[in-house]
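Subject: Structure for your attention

Dear colleague,

Please find the sequence and structure below. A short account of what was found follows them.

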Amino acid sequence: MFVTLLVLRNALRHKLRTALTVVGIVVAITAFGLLRTIVDAWYAGANASSSARLVTRSSVSLVFPLPLTYAQKIRQVEGVQSVSWMNWFGGVYITERNFFPQFAVDPGSFLDMYPEFILPPEERKAFLTDRQGAVVGRKLADQYGWKVGDQIPLRGTIYPGTWTFNLRGIYDGVDKSTDQSQMFFHWDLLNEKIRKIYPRRAEQTGVFVVRLKDPQQAAEVSTAIDATFRNSLAETLTETEKAFQLSFVAMTEAILLAIQAVSYVIVVIIMAVMANTMAMTARERGAEYATMKALGFGNGYVAGLIFGESMAIALAGGLLGIALTFPLAAWFADAMGSLFPIFLVSEATVAMQVGAALLIGAVAAGLPAWRTARVRVVDGLRAVA
Amino acid sequence: MAIPFTYIVRNLASRRLTTALTAGGMALVVYVFATVLMLAAGLEQTLVATGQDDNVVVIRRAAQSEVQSGIDRQQAAIVETLPDIATGADGNRLVSREPVVLISLPKRDSAKPSNVVIRGVTPEGVALRPQARIVEGRMFRPGTSEIVTGRAIASGFRGAGVGETMRFGSRDWTVVGSFEAGRTGFDSEIWGDAEQMLQAFRRQGFSSLIFKLADTDRFDAVKRELEADPRLTLEAKRETRFYADQSETLSKFISYLGGTISAIFSIGAIIGAMITMYASVASRTGEIGTLRALGFSRASILTAFLVESLLLGLVGGVVGLVAASFMQALSISTMNFQTFAELAFSFRLTPAIVAASLAFALGMGFVGGFLPAARAARMKIVDALRAA
């Protein structure tokens, strides 16, 4: 009890210095948490994917479509429960700034295959029966103030012209990790228009989504699907939904690695600042610690005092920083709009923040504590700050 | 009278650990700051240099990249009748109809697939890009399944080196050469014969049309003519503009992210400088009193401590810049969000970045040192002497 009090009193002796150090740690821990959360957001799509779904696409690359007739053949493959298909639309809502993903889907099979998108029964029915209908996620609807019944015009970049959709439903996610900033509409509508302008590009789709009877069979089924189309004009590449999502992450890996590296650099910077504070403190109190040793307190006890003070400051800054991370992340997610559909501070991030704070405290106290414990009483008493 | 400069320098030298820790923190911040600016400069330089000012790129209206675009042969023929197209040395009109697609290739080191631009070019297309020259092997022969790869692709992807083969469009393609295009976007492309590509990918239309203007000032007139033609649904851009537009999102992303991170980091470093300078002032109270008693004015005390702090910043800035300059040897390859394709670019240190980084470092030193210096200058002589 007495020791704790002594440590705290010591920490508060230089109020300005301690306050500045705490502010520095708060900034560092908050920034560290925010950067980790950005990295997590990058992986959000992959983490939310289901292990019971496979994605089949052209083996050359995603820009090459597959013929719709493949759906029948895939359905016949052993272990496949159902098949759906979708196309990336790439439309622009008013300006390029308002980016959000839009997919042309086969509505019935799509909604069955993705139980994580929850749509009220009457909205589901309205969507299925209106060929020009569309559904959007709750977050997207809130962002643009859309209500059911609104008309949404999109300017096509891949499919020319202006496309107008009737908003028939707003889906909610089954949990927080479900992407609620996407838009889905009828694949039939897209196909009809394409048939008129580019007959050669009709009856084709970007990817097939395959639901497995048993998730354990993912490897066998993907091999079987690809074997079916080997040496055809459009060879396929089938992988789990997670691998499919991760392939997007991998393409921007260089940026991701840079963000990760930078998140550690800030911890190192603040370690230098904190170590500086502790080194100065220990030097100034050299005579005082020597007096304590002369009175009979052990080396370990004195080192423990420095260690405890460092830890107390680091933890205070760390806890404040963690508390600040949440409102800051909420603000950041808001400012970024639909760029990061899922932006949540995970438990792992908080744990890493606590770890970083402890590490900062421990490393900063290391050298001064060791020096103070080692110094001879006579030298310590003689020393001047 | 001013306090001697050597006195200030010695003050820093006498407390080595503290000086090193503070300057080290600043050096890291300057390093991050400079690297980000270098990355943005490198990206910009790569994409701006990709285009030639008198070349014009024609793509389908509203398409944002060549891959999204589509131009059928009829439309292409109409564009080719433009009288403003320049004529080459051999008398051919300098216009190239090009199919551009993406193929997914595994990276050499990680085997992870990424999208690579593959472009079908004609002899005119090669003439339109004088910056590209073969550095290894030879150019592909028209009418064959031969391809040449850009420098960044040849070294970064499996099957893309000279002599290797890759399979796409149900054919095996032999890489017969590698070209360098002076650190431009073409370094991240694969080129082959345009008509062969059309067959392999079963396409009937092209992706884009590139031509050289006979008179570069006629661009606006040509653009108006093309876009007003009711038979065409195309738009024309100068090649320089076209590639600059394609890097917009990525370079904005890099500079925003980098700016935010540098700003946050600098708070940490400024606090570090402040703590150091406050301690420096506190431990030298008696000394400051003596200096005042000797006749040095408040202003010279303030200046002395500010200079000390600026020196700390300068040391950090120089160390950070030296470390950052080594980054020029590295090149980064990542996906450009707008084209969905791989793009290699390197860090580039420009005089403007050196100036900005040093100014940033000195700024951190100034902000961090001002309050402590002001405290030192405000001290009363008697109190200061008594405190010692």
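How many residues of domain 1 of chain B are in contact with domain 2 of chain B? The contact involves 12 residues of domain 1 and 15 residues of domain 2, two residues being in contact if their C-beta atoms, placed from the backbone, lie within 7 Å.

Two conventions apply throughout. This is a predicted model, in which local features need pLDDT of at least 70 and side-chain atom pairs count only at pLDDT 80 or more, while totals for chains, interfaces and linings use all residues. Residues are numbered from 1 along each chain as its sequence is written, and chains are lettered from A and ligands numbered from 1 in the order in which they are written.

Domains of chain B

The assignment for chain B gives domain 1 as 5-48 + 248-387 and domain 2 as 62-232; such bounds come from an automatic or database domain assignment. The C-alpha centres of these two domains of chain B are 46 Å apart. On the side of domain 1 of chain B that touches domain 2, two or more residues each come from helix 2 (16-50), strand 12 (331-336) and strand 13 (341-346). Helices (H or I, at least four residues) and strands (E, at least two) are DSSP runs, numbered from the N terminus. Strand 13 of chain B gives the most to this side, with 5 residues. By class, this side of domain 1 of chain B has 6 nonpolar, 5 polar and 1 charged residues. Here Ala, Val, Leu, Ile, Met, Phe, Trp, Tyr, Cys and Pro count as nonpolar, Asp, Glu, Lys and Arg as charged, and the others, Gly among them, as polar.

Domains of chain A

In chain A, domain 1 covers 2-45 + 253-382 and domain 2 covers 60-234. Their centres, taken over C-alpha atoms, are separated by 48 Å. Their contact takes 7 residues from domain 1 of chain A and 10 residues from domain 2 of chain A.

The contact between the chains

Chain B contributes 48 residues and chain A 39 residues to the contact between them. On the side of chain B, helix 9 (248-283) is among the elements that supply at least two residues, and helix 9 of chain B gives the largest share, 14 residues. The side of chain B that touches chain A has 25 nonpolar, 19 polar and 4 charged residues.

Helix 9 of chain B packs against helix 10 (residues 253-284) of chain A at an angle of about 10 degrees, with the axes 10 Å apart. Axes are lines fitted to C-alpha atoms, for helices over the stretch in contact, and angles run from 0 to 180 degrees between N-to-C directions. The two helices are therefore roughly parallel to each other, a term used for angles under 35 degrees. Among the residues that meet are V262(A), I266(A) and M280(A) in helix 10 of chain A, and I261(B), F265(B) and A279(B) in helix 9 of chain B. The residues of this helix contact divide into 13 nonpolar, 5 polar and no charged.

Each chain as a whole

Chain B has 13 helices and 13 strands, and chain A has 14 helices and 13 strands. The C-alpha trace of chain B spans about 95 × 45 × 35 Å along its principal axes.

Yours sincerely

Notes. Parallel < 35°, antiparallel > 145°, perpendicular 65-115°, else oblique.
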